[in-house]
Amino acid sequence: MTDVRQAAEHEPVARVLPMLTVPHLDRDFDYLVSAEQSDDAQPGVRVKVRFHGRLVDGFVLERRSDTDHEGKLGWLDRVVSSERVLTPDVRRLVDAVAARYAGTRPDVLRLAVPPRHATVEKQPVPEPPAVVAPAVDPAAWADYHRGSQFLDALAEGRAARAVWQALPGERWADRLAEAAAVVVSSGRSVLAVMPDQRDVDALHAAAVRHVGEGVAVALSAGLGPSARYRRWLSVLRGHARFVIGTRSAVFAPVVDLGLVMVWDDGDDTLAEPRSPYPHAREVAMLRAHQLRCAALIGGYARTAEAHALVASRWAHDLVAPRPTVRTRSPRVVALDDSAFAQERDPAAHTARLPTMALDAARAALRSGHPVLVQVPRRGYVPALACGKCRTIARCRHCTGPMSLPDRAAGAVCRWCGRVEPSLRCVRCGSDAVRAVVVGARRTAEELGRALPGTTVITSGGDAMVAEVPATPSLVVSTPGAEPTVPGGYGAALLLDGWALLGRQDLRASEDALRRWMAAAALVRSRGDGGVVAVVAETAIPTVQALIRWDPVGHADAELAARTDVGLPPAVHMAAVDGPPAAVAALIEAARLPDGSDVLGPVDLPAGARALPGADRDAEVSRMLVRVSRSTGLELASALRRATGVFSARHDQPPVRVQIDPLHIG
């Protein structure tokens, strides 16, 4: 049958990126545009195209007058919608993220552009809301060194970049909303990325007070496809000027972006679990760099990655003077649980608490304030630690965490696979090891028996409590699920510190401090009698950082330590997971940059073996490739090319590549 379609008179060729799942087909293809499709088939719209006999989704990247293809071109099957959902700014960001994380553009686009909701798209476009942002009082920001100057720079449209350490008790959502209001008042837009829905709700409530309903929108999966797509379209069309959401919102098509903000960048939920596994902080900073706009990373604690931005002078510090920190912070005491044997208070033994911590809880309850008890989340795998001094055991070759799958076989490094038949603690020389077991529910029961007559509230998992009244009660919470209290808690007890510090992870101490500070920041100041008791050894640097309330010093030491041993963010590191033969073949085929350091292989535990399209029970190993910061893109490019070659051959099982994975050990 003869095709009677006529090609468009102007720019009859559309360059399309099909949304294919295989790496070797991550490239553009040319299709003919018919005269009837020409008006709608513009760059950024969704289309359907025929590819190897089947109909697939795609995006038009550009319109052209000619083609590089030497054969006959196929036709665009149809234009799904005339809405240009892939903007030039987002397309550039998608390209950069795929290159940074050795991924494919279709995989990144699935994260960046939500599925179409046709009914919503066809609804009449409402009038954009009026932007009425009142003048911002800079008094609260003046508590931080150069805080007022930061707001001034935002008002002037300068690309000011900062890492902000929020004070204990700070109303962080109001501070972020104030910074956003300054930018919105200047005529530009703001994007804020939050770890979870609770933080999104808190910032959105503050944003409505500062910039008004409609101007600020919250994007989250919990809205449902219709409501979420409606709000996403309001962002695309320039109606929403302050966009707040979880990690996928970092790709939102914000018009004229003037400021991008990330709160609590150390939270695991900001790391995307789907290929190519980008981290929202890195994507946000990449976007700020591309658009030359302002950026702000905030939190009570500080990650080594955020501190590296300050150390490189890409960003500057926003911290409060030490006298202000001392005034606003609670009194922090460390209690070594090895002293429990000397306790005489039977209630303290029952609650697994030193008597001093139990006395602090009783005093707070008598004064009419609730007490927060933080218990590490279930599911942590304890690291191999010294049974005498509890120093984490690490490999002498690559500093990876040591495991003990079989005592008779000796300790094994989880990074490079080296076996240490006679493991001894580098600190005290002991050959004893220990594990830590925690349990939030049992802790609540024990505290209830130790403090009879006291109301016990638990928060965590699927039963999170947002707020509790300022009345005497015990609130037992897992990290990240702590309810807020009007006026603050009277005391906080941070239990089982070694369950956090003893994780098999290079970020264990950083994450422990972040979780402790998030809980301690909810406690009243020392002037108001607020006390925080952490059950951990006083001499540990992480505990000392909490006592002094010094997240910047801890991050600086953490960055220096990682630099000394060659760990991210001082270097770039790729983790390649899959069947041992496939992993080795991929590493061998990739043209790795000069100076690459290859570690492994090492078997992955059962819980980390799930690979798309692979047998869950199959053997999975990991190899690590470490390179300098300057050759990170070269490493990603080499692995990306090798993955594409193996994909085209169809003779290798699936292999997973992660650049700078959040958890290496």
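Arg 15 has Asp 30 in β2 as its bridge partner. This is a predicted model, where local features need pLDDT of at least 70, side-chain atom pairs count only at pLDDT 80 or more, and totals for chains, interfaces and linings use all residues. Residues are numbered from 1 along each chain as its sequence is written, and side-chain values use heavy atoms, with hydrogens and water left out.

**The sheet**

- Strand β1 (residues 13-18) pairs with β2 in the antiparallel sense over four bridges; strands count as paired if DSSP finds at least two bridges between them.
- Five strands make up an open, antiparallel sheet, ordered β2-β1-β4-β3-β5. Strands (E, at least two residues) and helices (H or I, at least four) are DSSP runs, numbered from the N terminus.
- β2 (29-32) and β5 (76-79) sit at the edges with a single partner strand each, so one side of each has no neighbour in the sheet.
- From one strand to the next, the twist averages 45°.

**The helix pair**

- Helix α1 (residues 88-100) packs against helix α2 (residues 105-112) at about 130°, with the axes 9 Å apart. That makes α1 oblique to α2 (under 35 degrees is roughly parallel, over 145 roughly antiparallel, 65 to 115 roughly perpendicular, and the rest oblique). Axes are lines fitted to C-alpha atoms, for helices over the stretch in contact, and angles run from 0 to 180 degrees between N-to-C directions.
- On the α1 side, Val 90, Val 94, Asp 95, Val 97 and Ala 98 meet Arg 105, Val 108, Leu 109 and Ala 112 of α2, contact meaning heavy atoms within 4.5 Å.
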